[in-house]
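Opening the notebook on this one.

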Amino acid sequence: MKNITKINLGNNGPLVSKLGLGCMRMSSVWGGPVNDESESIATIQAALDNGINFLNTGDFYGSGHNELLVGKAIKGRRDDAFISVKFGAIFYNGQWIGLDLRPTAIKNFINYSLVRLGIDTIDLYQPCRLDNSVPVEDVIGTIADMIKEGKVRYLGVSEITADQLRKANSVHPVTALEIGYSLADRQIETDLLPTAKELGIGIVAFANTAEGLLTGEMKAPLAANDYHNHFSRFQGDNLVKNLEKVEVLKTMAREKGTTPTQLAIAWVNAQGDHIMPLVSMSRRTRLPENMQAMEIEFTPAEMDTLNTQFSPGAILGGTYLQR
């Protein structure tokens, strides 16, 4: 395997790996680990060894478990890692109960994050999303103050609108926007992506396989207890028709000697040097496959096929990414 290419995160941002490691699946958002902790730590360290320095976590992943895990993995090699932290989501008894974006809450959140991670400065700090409960200026202004204090290096935002992005950037320069983006979820191409590019903001793109739809492993109908059933994309005729589209990806993968998952990641990677695929992994065995995806190139005809078959709106129904 080759070491991952480095890119600048945004026009004036830091040098980071073109592939990011999402650490969420190493913990449960609902509280408690879902993977062997030693394997998770080994996965993070193997990623660092291979030049993947962008580590993405959130203070609400596993109620702090994920930050503790990342902290153990980077101990003694802080300079090898670029740490991205999301905040603001509030869970209680395994249930989402809302956002807390008050300046006093943000100041409380970051102190706990720094302790759990065992570091003095968070590289990229971002609200997990924005609502109208607190003015954008107050949320972003609080992080800007933390940047002046040295607790944060760069400002990020996540899952917001183009108007919110412009407003946030007017308060303090935004380095990166974290957002769901895949062949199946292209609605951000209309307004949000062009706005980010205009402002010189890097894109950290998660959910590259659209919650597993593009892996080629999903079959209809789903088991009754499958969490995907909550989303209209995976229900009834929607799922049947969507899986017909995925056959195009499976055929191309066979022809290229890859997997559908690799092609899904490669497509996101090919959308520009300012876009980083953020891929969740919790096992070292996933690392070679995902790194190889970053080396896949498409012919003009292949790219045309994918863009035509997966044109915006071609995938029926939505997920939580399409609120």
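Predicted model: local features only at pLDDT ≥ 70, side-chain atom pairs only at ≥ 80, totals over all residues.

Helices here are DSSP runs of H or I with at least four residues, numbered from the N terminus.

**Helix H7.** I looked at what comes after H7 and found glycine 257, with a positive phi near 70°. Then I checked the length. H7 covers residues 236-256, and at 1.5 Å a residue its 21 residues should span 30 Å; the end C-alpha atoms sit 31 Å apart, so that agrees. An α-helix has 3.6 residues a turn, so residues three or four places apart point the same way.

**Serine 113.** I found serine 113 in helix H3, residues 103-117. Buried or exposed? Serine 113 has a relative accessible area of 0%, so I logged it as buried. Skipping neighbours within four places in sequence, I listed its contacts as Asp59, Glu67, Val85 and Ile122.

**Cysteines.** I searched the whole structure for disulfides and got zero. Cysteine 23 is in none; the nearest cysteine sulfur belongs to cysteine 128, 17 Å away. The cut-off for a disulfide is 2.5 Å between the sulfur atoms, so that distance rules the pair out. Cysteine 23 is at 0% relative accessibility, so it counts as buried, and cysteine 128, at 5%, counts as buried too.

**Cores.** The largest nonpolar core has 89 residues, and I noted Leu55, Tyr125, Leu177, Leu213 and Leu214 as the ones touching the most other members. For leucine 55 I looked up contacts beyond four places in sequence; among them are Leu21, Cys23, Ile44, Val70 and Phe82. Apart from that core I found another, of 12 residues, including Ile7, Val16, Phe82 and Ala176.

**Rings.** How many aromatic pairs are there? I count 10. Phenylalanine 54 and phenylalanine 82 are stacked, 5.6 Å centre to centre with 20° between the planes. Phenylalanine 54 is in strand E4 (54-58) and phenylalanine 82 in strand E5 (82-87), so this pair ties together parts 28 residues apart in sequence. Both phenylalanines are buried. Phenylalanine 82 also pairs with tyrosine 154, this time tilted, at 6.3 Å and 35°. Tyrosine 154 is in strand E9 (152-158), so the pair ties E5 to a part 72 residues away in sequence. Last entry: ring pairs link Phe60, Tyr61, Phe91 and Trp96 into a cluster.

Terms used. Residues numbered from 1 in each chain as written. Heavy atoms only, no water. Helix = DSSP H or I, 4+ residues; strand = E, 2+ residues; numbered from the N terminus. Expected span 1.5 Å × (residues − 1). Buried < 20%, exposed > 50% of the residue type's maximum accessible area, 1.4 Å probe, protein only. Contact = heavy atoms within 4.5 Å. Core = buried A, V, L, I, M, F, W, Y, C linked by side-chain atoms within 4.5 Å. Phe/Tyr/Trp six-rings, centres within 6.5 Å; stacked < 30°, edge-to-face > 60°.
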